[in-house]
Amino acid sequence: MENFERRFLLHVPSSTENLALIRDFVGNIGKQAGFQETELSMIELAVDEACANVIEHAYGLDQTKEVIVRARLDADAITIEVIDTGKGFDPGVVEHKDVKRLMAERRSGGLGMRMMKLVMDEVHYQMIPGERNELKMVKRLRKE
Amino acid sequence: MSSSFAVHTSQQGPITILALDGFLDAHTAPRFEEAIQTEITAGRRGIVVDCGKLTYISSAGLGVFMSFIEELRDAGGDIKICSVVPKVLQVFEILGFQSLFDIVDTVPDAVNRFSQTSSGQKG
């Protein structure tokens, strides 16, 4: 990839119907950056998880709201920000129970954030009260 | 755009085969959930999930497996997973599903697993 920064922006209504569109959006950008197939899948998965959380939890499935996905490419990495104006959360108080325990409790919640942290190089969450919530993720290009 | 998803249901004796096709995410997971619930309501406890045509899964899809597995095992049944393509298998492995679920190569392998284990459960 040429060595200059590129920026991309997507605004979509807050509906799970748009998750496929969001995956295609970040997948195409990742491809342009030169990520391999496996890494592209992981980037798409992480952004899907972040946006599904926004749609279901921050906006409570209110389709009149909007999810914003910002992507930035430079020579070393892709940086993706998922922005919403819904209900924020404190990642510090999110329970991190293991999968076996969740199964025993017949629960499946909380997997999305765990997945993002496992597949991306960096995940940061910022809540700006009364304004917006931003989840920022970074995936670095592995150089030969 | 990549959003299609379908569940095809068939029977092999007492075992139900649910063949998943397409993309399993937060939008489509309720259809998979409904398919499993239909089997449980009908009293069927042995379920094979054929992932041969499943091209994508997110935690919403994994959550469906997780939310039913204990209920089925408590009732003497199980969910066996088979024919998982590498891209989807990778997601299963990220959360350690391979140690919690019986994941095998083919549908006949999965069906046979029910007769191999008296309880029909992994481990």
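## Where the chains meet

Chain A puts 25 residues into the contact, and chain B puts in 23 residues. Keep in mind that this is a predicted model.

On the side of chain A that touches chain B, the elements giving two or more residues are α1 (19-33), α2 (37-58), α3 (99-104) and α4 (111-119) of chain A. α2(A) gives the most, with six residues. By type, this side of chain A divides into 13 nonpolar residues, eight charged and four polar.

## The sheet of chain B

Now turn to chain B. Here five strands form an open sheet. Their order is β1-β2-β3-β4-β5, and the pairing is mixed. Which strands lie at the edges? They are β1 (5-12) and β5 (102-104) of chain B, and each pairs on one side only. On average, neighbouring strands of the sheet are turned by 25 degrees against each other, direction ignored.

## One strand pair in detail

Strands of a sheet pair through backbone hydrogen bonds, in either a parallel or an antiparallel way. β1(B) and β2 (residues 15-24) of chain B take the antiparallel sense, over eight bridges. Within this region, Gln12(B) stands opposite Ile15(B) of β2(B).

## Helices against the strands

Helix α2 (residues 59-74) of chain B packs on the sheet. This helix touches β2, β3 (46-57) and β4 (78-82) of chain B. The direction of α2(B) makes about 140 degrees with that of β4(B).

Helix α3 (residues 86-94) of chain B lies across β3 and β5 of chain B. α3(B) runs at about 110 degrees to β3(B).

Technical notes: Residues numbered from 1 in each chain as written. Chains lettered and ligands numbered in written order. Predicted model: local features only at pLDDT ≥ 70, side-chain atom pairs only at ≥ 80, totals over all residues. Contact = placed C-beta atoms within 7 Å. Helix = DSSP H or I, 4+ residues; strand = E, 2+ residues; numbered from the N terminus. Nonpolar A, V, L, I, M, F, W, Y, C, P; charged D, E, K, R; others polar. Pairing = 2+ DSSP bridges. Axes fitted to C-alpha atoms, helices over the stretch in contact; angles between N-to-C directions.
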